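Here is a short report for someone meeting this protein for the first time. Please look over the sequence and the 3D view, then read on.

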Amino acid sequence: MNRRVLLIGHPRRPEAYEVAERLVEGLTAAGIEVAGIADELAAFGIAQRPGVVTVAPEEAGVACELAVVLGGDGTILRAAELSRDCGVPLLGINLGHVGFLAEAEKEDVERIVACVRERSWIVETRATLEVVATDGRGEVELHRGWALNEASIEKAARERMLELTVEIDGRPLASWGADGVVIATPTGSTAYAFSAGGPVVWPDTEAILLVPISAHALFARPLVLGPRAQLAVELVPGAQGRAVLWCDGRRPFDLPDGARVEVHASDKPVTLARLSTAPFTDRLVRKFDLSVEGWRGTRRAH
């Protein structure tokens, strides 16, 4: 077999077992090898199947043309960690609730197998963020990460808010007492940033979002910045609140007093595989179950 597809799934979702079984059966019958991480393949009961191979997590995407992901958005974000360096497109099959990043539902397995067999998917590029935490003077690097959805700086304890100063392009913007701040990509505008009151931004928009979380200030509105904006959030030294840096709700890092977090657009994107050219509007309506009653667009077209 010369073609290989990576299978990544949520092993604690029972519905993923049947989907994994059907995918492996269809793909291997088409002469496509299926690779996966050993414990996940074992959980799905497919580790010993002909045409199935195990790979180490750090080499998961090597030699794969596509990664099929079984689960919700959290599983897709985990898969992005494995595939980003290799540039392997992610095709998500939603087993969660909203599954905004997913392209298909579990009922679409036969269609997915056909699309993979025919290489008929469309690649969509999504921007990511580079995130660097330093000491208060910005001289000692403490932590480095990246995010597809968002980087968030949040209070570590319920009873203590954070004292933050926000900087954009090397100039101070405002100081807030807040529960935290979310810095998001357009992809992440429908995730945590949306829940915090930020706008929905179309994924092909080149922008970075800044959304305060429960800020005690007169000016604490969400901001939409240019794609080359350089953002920094500093913890006010000596404040009582303690903060945690999260990237995509994963990979937490405890920030010391007075730490500085710098965020800017990365030059290394994540790629998603799409099965259709339907506009983002349709996805928004479907995933959020929006009412479009009364629309007469088709009638106007005639």
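Which elements do the buried residues of α4 pack against? They pack against β1 (3–9), α1 (15–29), β2 (32–37), β4 (66–71), β5 and β6. The model is a predicted one.

**Helix α4**

Helix α4 covers residues 109–118. Its buried residues are Val 109, Ile 112, Val 113, Ala 114, Cys 115 and Val 116. An α-helix has 3.6 residues a turn, so residues three or four places apart point the same way. After α4 comes Arg 119. The phi of Arg 119 is positive, near 50°.

**The whole protein**

The secondary structure consists of seven helices and 20 strands. The C-alpha atoms fill a box of roughly 60 × 55 × 35 Å along the principal axes. The radius of gyration is 21 Å. A compact globule of 302 residues would have a value near 19 Å, which agrees.

Buried residues account for 49% of the 302. The exposed surface comes to about 14700 Å². Carbon and sulfur atoms supply 49% of that surface. Take the contacts between residues at least 6 apart in sequence: 68% of them join residues at least 24 apart.

Charges come next. There are 33 positive and 42 negative side chains. The centres of the two sets lie 4 Å apart.

**An aromatic cluster**

How many aromatic pairs does a search of the whole structure find? The search finds five. Take Phe 100 and Phe 288: their ring centres are 5.3 Å apart and their planes stand at 50°, so the pair is tilted. This pair links distant parts of the chain, 188 residues apart. Phe 100 sits in the loop between β5 (90–94) and β6 (104–105). Phe 288 sits in the loop between α6 (280–287) and α7 (297–301).

Is Phe 100 buried or exposed? Phe 100 is buried, because its relative accessible area is 7%, under the 20% cut-off. Phe 288 is partly exposed, at 27%.

Phe 288 has another partner, Phe 194. The ring centres of Phe 194 and Phe 288 are 5.2 Å apart and their planes are at 20°, so this pair is stacked. Again the pair links distant parts of the chain, here 94 residues apart. Phe 194 belongs to helix α5 (residues 192–195). With 37% relative accessibility, Phe 194 is partly exposed.

Ring pairs join these residues into a cluster: Phe 100, Phe 194, Trp 202, Phe 280 and Phe 288.

**Leu 255 and its contacts**

Leu 255 lies in strand β18 (residues 250–255). Leu 255 is buried, with a relative accessibility of 5%. Which residues is Leu 255 in contact with, leaving aside neighbours within four places in sequence? They are Ala 133, Ile 153, Leu 235, Ala 243, Val 244, Leu 245 and Val 261. Glu 293 is 38 residues from Leu 255 along the chain, and their C-alpha atoms are separated by 48 Å.

**Gln 230 and its contacts**

Gln 230 lies in the loop between β15 and β16 (231–235). Gln 230 is partly exposed, at 42% relative accessible area. Neighbours within four places aside, Gln 230 is in contact with Glu 167, Ile 168, Asp 169, Gly 170, Val 263 and His 264. Arg 171 is 59 residues from Gln 230 in sequence. In space, C-alpha to C-alpha, Gln 230 and Arg 171 are 9.7 Å apart.

Ala 63 and Ser 214 each have a positive phi without being glycine. The table sets out their values.

| Residue | Phi | Loop | Relative accessibility |
|---|---|---|---|
| Ala 63 | Ala 63: near 70° | Ala 63: between β3 (52–55) and β4 | Ala 63: 62%, exposed |
| Ser 214 | Ser 214: about 50° | Ser 214: between β14 (208–213) and β15 (223–225) | Ser 214: 48%, partly exposed |

Why does Ala 63 count as exposed? Ala 63 counts as exposed because its relative accessibility is 62%, and exposed means over 50%. Ser 214, at 48%, counts as partly exposed.

How values were computed
Residues numbered from 1 in each chain as written. Predicted model: local features only at pLDDT ≥ 70, side-chain atom pairs only at ≥ 80, totals over all residues. Heavy atoms only, no water. Helix = DSSP H or I, 4+ residues; strand = E, 2+ residues; numbered from the N terminus. Rg over C-alpha atoms; globule rule 2.2 N^0.38 Å. Buried < 20%, exposed > 50% of the residue type's maximum accessible area, 1.4 Å probe, protein only. Contact = heavy atoms within 4.5 Å. Areas by Shrake-Rupley, 256 points an atom, 1.4 Å probe, with all protein chains shown as cover. Lys, Arg positive; Asp, Glu negative; His and termini not counted. Charge placed at Lys NZ, Arg CZ, Asp CG, Glu CD. Phe/Tyr/Trp six-rings, centres within 6.5 Å; stacked < 30°, edge-to-face > 60°.
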